[in-house]
Amino acid sequence: MQFYLDGYRPGDPEDRPAAPRVEPAAGSGALPEEVDVLVVGTGPAGVFLAAQLAEFPGITTRVVERRGGPLELGQADGVACRTVEMFTAFGLSEKLLREAYWVNETAFWGPAGSGIARTGRIRDVAEGLSEYPHVIVNQARMQDYLLEKMRTSPSRLVPDYGLEATDVEILPGGGDHPVKVTLRREGGDTAVVRAKYVVGCDGARSAVRKSLGIELRGDARNHAWGVMDVLAVTDFPDIRLKSVIQGPSGGNILIIPREGGYLVRFYVDLGDLEPGDREARKRFTRESIVEAAQKVLHPYTLEVKDTAWWSVYEVGQRIADRFDDVPDAERGSRTPRVFIAGDACHTHSAKAGQGMNVSMQDGFNLGWKLAAVLEGRSPESLLDTYAGERRAIAQELIDFDLRFSTMMAARPKDPDRPEAGGVDAAEKQRIFTEAGRFTAGFATEYAPGALTGSGEHQSAAAGFPVGQRFYSAPVVRVADAKEIGLGQVARADGRWRIYAFAGAGDPHSAESGIARFCRFLAESPESPVLHLTPNGADPDAVFDVRAVFQQGHRDLAVEKLPEFLKPRKGRFGLVDYEKMFAPDLKAGRDIFDERGIDRERGAIVVVRPDQYVAQVLPLDAHAELAGFFDGILLPAPQPARV
């Protein structure tokens, strides 16, 4: 974390100085007549999106929530490795990891006579998939972290509670703020806000989605599961391990230990429901869920002492026809003004733990794009990419969830009746293991398009697949010898990252490939840094360029490395020494080997503001790098020539 750029300031550096306030203040309950972005709902998608927009105090953002205050008890609890990576971009992962339960291993149990026995035990996250673990923490706490980040941001963004969106209308000829939103207060009176953009993060019954005439399409599977968070006494030995249990009579349980060392979540298979019986779920009770769990766990005992929360849900998968207000027939003729995210556009079962995680990815994807357009750095056409990218990912999630939830509810195979189907414990473990990349949050892969290159130069950095999330690796910062993950240096600040991996030769030489690349960025009229960075802004305001050398950090002389990598910033012109890195040779993990970097030619890895690899190029592909940003970023206004 860097601070004190514009002068020393005592106190918590996370609590940054407030920008000039826009009246009325956020959280006061009184709304401006016009806003840039109105976020409806404070679920996972809404708070993540709002936390991203809060980093831009020049953008007037407001968040409304129909509840009277922040969420106190959330239903989602699984935090994928990918989500922890995203929290790192907000500086929140250390707090998250300290409080959470770490899912280190998963145990599998299957039928053994009239009882159950352990059939296997595996690492929950495959070795080398991420530098972060899969963890468990209550959704309400996850949102607390993000709400605090919003509150201490320069925007001082706080949700306005007790306001429910009842209607959203796009006004023809509505000017700069064409979206009219009608809000109802708890007392019954209404307010109207005009917005440039509106994002509906208001859940599966989204009023924003309904106002757009968009439907959730899909089917219920006529199968019920009970879920309960309990404090219990049991002699089941794996109660503090994530456990997948298949009982001899066909019942199934998924056990998820919770944070704090005592609380445990049980997902309990309650069996098939009669199609068309809308009252079936209501006939289940907390006691019936406990009894079903006790039956599957036999011969082990389970005594529930206290229940923090319980519910019964029916498995189903649904997805919206589109994720914004533009019908397919009008795509390209106008840009979207209203978007939906999270449960407002995709719902599914809880088994794979993807709901909260994928919703937050929706918010991250859209947040930086809205900021880029509103700050004038990108054309409005950038906003078309949200629906195109995220609906494809949501469809993959729906398809995966159908397969995964079906497997979780499968009866054990009967060796005497193979024609009856079913899944045995070994097969369930295999399917669970194969799904690991998806459940860890790493199945997202953006196809070639406006924001993602074709990958024709992928061999220059084979370990950074184009379209996938930037895969971190350990490095050492040259200036201060700090060991760090390269992916940890990126922040959720809307900037593009350019990682330059030096080729062979002496990097101190003015004729080295890395020196030529830095001169191109610093001096060439074709340089995207010069061409796209606003006059008077810090040199890394749009592009955060970092270099990784092949030599050990003690073999590199800071004073002899390119000046471009030591930019002067802020009102004092202070030098930023944190742009240069070396392999972590002491740990025996050379990033050039781990990520397949071309040692002879070097490589350029371009990373989007939401941490996905946009392009991979050889280090000398200067013109291709410049051309990549055509259509993505707008030329910055340059000073008039006299």
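Which residues of helix α9 are buried?

Mentor: The model is predicted, so to speak of local features a pLDDT of at least 70 is needed, side-chain atom pairs count only at pLDDT 80 or more, and totals for chains, interfaces and linings use all residues. Residues are numbered from 1 along each chain as its sequence is written, and side-chain values use heavy atoms, with hydrogens and water left out.

Helix α9 covers residues 425–434, and its buried residues are A425, K428, Q429 and F432. Buried means under 20% relative accessible area, exposed means over 50%, and partly exposed lies in between, with a 1.4 Å probe and protein chains only. Helices (H or I, at least four residues) and strands (E, at least two) are DSSP runs, numbered from the N terminus.

Viewed down the axis of α9, the buried residues fall within an arc of 100 degrees, so they line one face of the helix. The arc is that of the directions from the helix axis to the C-beta atoms. An α-helix has 3.6 residues a turn, so residues three or four places apart point the same way. On the other side of α9, A426 and E434 are exposed.

The buried residues of α9 pack against several elements. Among them are the strands β5 (105–112), β6 (115–123), β13 (242–246) and β14 (252–257). The helices α8 (384–408) and α10 (436–439) also belong to these packing partners. Contact here means heavy atoms within 4.5 Å.

The wider setting comes from the domain division, whose bounds come from an automatic or database domain assignment. Domain 3 is given as 400–432, and domain 2 as 102–136 + 222–313. Domain 1 comprises 34–74 + 138–218 + 318–398, and domain 4 comprises 458–631. The C-alpha centres of domain 1 and domain 3 lie 38 Å apart.

For comparison, one may turn to helix α1 (residues 44–53), in which P44 is found. P44 is buried, with a relative accessible area of 15%. Leaving aside neighbours within four places in sequence, P44 is in contact with Q139, Q143, M356, S359 and M360. The C-alpha atoms of P44 and Q143 are separated by 6.8 Å, although these residues are 99 residues apart along the chain.

To return to the part you asked about, α9 has one face lined by its buried residues, with A426 and E434 exposed on the other side.
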